[in-house]
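Here is a short note to read beside the model. Please keep the sequence and the 3D view open as you go through the points.

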Amino acid sequence: MKKINGLSILLISYIIAFALGFFVTYLFKDILHLLLAIFIGNVVATIIIWFVGVLFHTASTYDPYWSVQTLLISVSLLIYTNNWNVGNILFLIILSLWAIRLTYNFILSFNDISYIDWRYKLIKQKTGVFFQIVNLLGICMVPTIIVYLASIPMFLYIIENHQFELSNIIGLAIMLVGTALELIADNNMQEFKKIRKDNTEIINIGLWKYSRHPNYLGEILFWYGVALVFILSSTFELKYWYVIIGTLLNTLLFIFISIPMAENHMKSYKPGFNEYKKKTRMLLPIKK
């Protein structure tokens, strides 16, 4: 019952947040560049989700935001521009598969509205009375900005009504491969959880036998695919150099923050993790 109530609160919160975000975007769309108007609306929605977390004393209310913001904005842009061409539809289908996978994973691990991810607990211990500021700016706003920047290639592709070209297949294929890697890694993890004795055991099946973070590899590849769909278009110009910034920042976020934090955490309760680390690669699922 707690899970259903918690998910209901989150659903209502997200509906309100995105409704206000879209309203703000609509107010600014004729005054500012559409991409900037979208960004402002996105920030407003993020602040609302952060505030809901403050009310329920948790930072995990933001967790699904990562997976839904690009999809909802893209669908809204398609409705607004009415640019329903083949390329945009294929883009949207693969994006939907990626978003559904991430959101489904969140729902599986979600217990109730008071749930707090171990990473947020650690940050709260270190920041003390300043936690809510760090929560807003670091836990919520930084991912919002990075995902927004990484999504710009898709937003531009829709807004400018780029026509589907064979070169787009390369980017779409990379997006699909990234999503598939994440799905396979998820299935491997679920299988392992059924057979492990306790959580001190280290996963050694499937992709995880060769890669410590195959799910992160899939996430990184996905966003390079998004960028390449736009970059490899025949109409691409150097003035759009900035479209790769979000993708690069996303890669750096995983390599220098998410992965080190996760591995330091696993070292604290998995006795054989250092040995596992020596035998497996960080990302590529290839025998070391």
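In which helix does Thr247 lie? Thr247 lies in helix α9. Helices here are DSSP runs of H or I with at least four residues, strands are runs of E with at least two, and both are numbered from the N terminus.

1. Basis. This is a predicted model, in which local features need pLDDT of at least 70, side-chain atom pairs count only at pLDDT 80 or more, and totals for chains, interfaces and linings use all residues. Residues are numbered from 1 along each chain as its sequence is written, and side-chain values use heavy atoms, with hydrogens and water left out.

2. Thr247. Thr247 is buried, at 1% relative accessible area. Buried means under 20%, exposed means over 50%, and partly exposed lies in between (1.4 Å probe, protein chains only). Leaving out residues up to four places away in sequence, Thr247 touches Ala150, Trp223, Tyr224 and Ala227. Contact means heavy atoms within 4.5 Å.

3. The largest core. A nonpolar core is a set of buried Ala, Val, Leu, Ile, Met, Phe, Trp, Tyr and Cys residues joined through side-chain atoms within 4.5 Å. The largest one has 52 residues. Phe91, Trp98, Met175 and Phe222 have the most contacts inside it. Elements that give two or more residues to this core include α2 (34-55), α4 (86-109), α7 (168-195) and α9 (245-267). α6 gives the most, with ten residues.

4. Which residues does Phe222 contact, leaving aside neighbours within four places in sequence? They are Ile94, Leu95, Trp98, Ile174, Met175, Gly178 and Thr179.

5. Helix α3. The expected span of a helix is 1.5 Å times one less than its number of residues. For the 17 residues of α3 that gives 24 Å, and the end C-alpha atoms are 24 Å apart, which agrees. Buried residues of α3 include Tyr65, Trp66, Val68, Leu71 and Leu78. The buried residues of this helix pack against α1 (2-28), α2, α4, α6, α8 and α9. Asn82 follows α3, and its phi is positive, near 60°.

6. Salt bridges. A salt bridge is a side-chain nitrogen of Lys or Arg within 4 Å of a carboxyl oxygen of Asp or Glu. By this rule there are five. One of them joins the side chains of Lys29 and Asp30, at 3.1 Å from N to O. Lys29 is buried, at 16% relative accessible area, whereas Asp30 is exposed, at 64%.

7. Arg101 and Glu182. These two form a salt bridge, with the closest N and O atoms 2.9 Å apart. The pair links distant parts of the chain: Arg101 is in helix α4 and Glu182 in helix α7, 81 residues apart.

8. Lys277 and Glu263. Their side chains meet in a salt bridge of 3.5 Å, N to O. Lys277 is in helix α10 and Glu263 in helix α9, 14 residues apart. Lys277 is partly exposed, at 29% relative accessibility, while Glu263 is buried, with a relative accessible area of 4%. Elsewhere, salt bridges that share partners join Arg101, Glu182 and Asp186 into one network.
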